[in-house]
Amino acid sequence: MPNPSNKSWLDNDTVAAWIFLAPAVILLGLFVLWPIAYLFYLSFTAGSFTSTGTYWVGLKNYWRLLLNADFWQVLGNTVYFTAVSVLPSLVIPLGLAVLLNRTLMLRGVLRSAYFLPSIISLVAAGLGFRWLFQTSGPVNAFLDMFGIGEISWLGDTFWAMPVIIVLSIWKQIGFNMVVFLAGLQAIPSSRYEAAELDGANGWQQFWHITLPGLRSTIIFATVTTAIFTLRSFEQVYVMTGGGPLNTTNLLVYYIYQEAFGQFDFGYAAAAATVLLAFALVLVYFQLRIWEKE
């Protein structure tokens, strides 16, 4: 009989698991965990990456954030942008997914057409929207047919943010539609057949079968959409540059301005840490809700 004491340490499941996980863990540490740790350290420093170097300032950068009216305006812009963008980015794709999950003519073509925006570069999409919504652009030309005067969409403090929100919703529709389609196809058709036999109409089937069956999918789509909007940068960079009067400046673009415009890396790192905290809170709630599911 084999002697258990001679069993190779490679036969240990824990050791074998770590051997297989090691490459991924090393890459995760180098490209995710270390940058996050360095960002957190940098938020407590001032100076620049020149011969003068950086020096420790403690919580001074966070104190500056609390006292900076521009930061609070940008934070408010980001919360407003995220809150207004998320719901339409879920409702519209959900409706399209329910419709395109049925047997329709040109269903494959329609699916591809709605998914197309998600693979277009945000920079290209932003340039396209800037052309559409310029003062002499196609949108104002169309409105002029109904007697509506020219609107300075991207130069008006009221209209500039809604235009960016429309672009973000349009960009997210295709991805969320595919996610919801996958979730719909995982719901057993027998549930709908039983509901039809019980006399349930389409709305009742949607409310009592489709939505409960998509609950986990909706949670996932909500979190990914919120994170997508929180990290929005290209739209602002290409279309408005944060204007007019800072009304479209979002947190990621603000961080970019402070880091690479003002070279205030410690202050920018503190703002980035705040953004990271928002993202971590979203992930935390996602995990808690999935745990309950």
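Trainee: Why does A269 count as buried?
Mentor: Buried means under 20% relative accessible area, exposed over 50%, and partly exposed in between, with a 1.4 Å probe and protein chains only. A269 has 3% relative accessibility, so A269 counts as buried. One caution: this is a predicted model, in which local features need pLDDT of at least 70 and side-chain atom pairs count only at pLDDT 80 or more, while totals for chains, interfaces and linings use all residues. Residues are numbered from 1 along each chain as its sequence is written, and side-chain values use heavy atoms, with hydrogens and water left out.

Trainee: Which residues does A269 touch, not counting those up to four places away in sequence?
Mentor: A269 touches L39, L42 and S43, where contact means heavy atoms within 4.5 Å. A269 belongs to helix α13; a helix here is a DSSP run of H or I with at least four residues, a strand is a run of E with at least two, and both are numbered from the N terminus.

Trainee: What makes the second largest pocket a pocket, and how much space lies in it?
Mentor: The search uses a 1 Å grid over the protein atoms alone: a cavity is a set of points where a 1.4 Å probe fits but cannot get out, whereas a pocket is an open set with protein on both sides within 12 Å along at least five of seven lines. Lining residues have an atom within 4 Å of a point. The second largest pocket holds about 170 Å³, a volume being the space filled by probe spheres set on grid points joined across faces, edges and corners. Ten residues line it, with L42, A259, F260, F265 and A268 nearest its centre. At least two lining residues come from each of α1 (13-42), α12 (251-261) and α13 (265-292), and α13 gives the most, four.

Trainee: How do the residues of that lining divide by class?
Mentor: Ala, Val, Leu, Ile, Met, Phe, Trp, Tyr, Cys and Pro count as nonpolar, Asp, Glu, Lys and Arg as charged, and the others, Gly among them, as polar. By that rule the lining has ten nonpolar, no polar and no charged residues.

Trainee: What is the volume of the largest pocket?
Mentor: The largest pocket has about 370 Å³. It has 13 lining residues, and V98, N101, R102, Y192 and T210 are the closest to its centre. Elements giving two or more residues are α3 (69-100), α8 (189-197) and α9, with α9 giving the most, five. The lining has six nonpolar, six polar and one charged residues.

Trainee: Why is Q205 called buried?
Mentor: The relative accessible area of Q205 is 12%, so Q205 is buried. Q205 lies in helix α9 (residues 202-213), and its contacts beyond four places in sequence are Y192, A195, E196, A200 and T210.

Trainee: Why is S216 called partly exposed?
Mentor: S216 is at 36%, so it is partly exposed. S216 is part of helix α10 (residues 215-230).

Trainee: How does the reach of α7 compare with the span expected?
Mentor: The expected span is 1.5 Å times one less than the number of residues. Helix α7 (residues 160-185) has 26 residues and reaches 39 Å from first C-alpha to last, close to the 38 Å expected. α7 also bends by about 35° at I173, the bend being the angle between axes fitted to the seven residues ending there and the seven starting there.

Trainee: What makes α7 largely enclosed?
Mentor: Of its 26 residues, 19 are buried, so α7 is largely enclosed by the rest of the structure.

Trainee: Which residues does a cis peptide bond join?
Mentor: The cis bond joins G243 and P244, with omega about -5°. P244 is in the loop between α11 (234-239) and α12, and L245 lies in that loop too. L245 has a positive phi of about 55° although it is not a glycine. At 72% relative accessible area, L245 is exposed.
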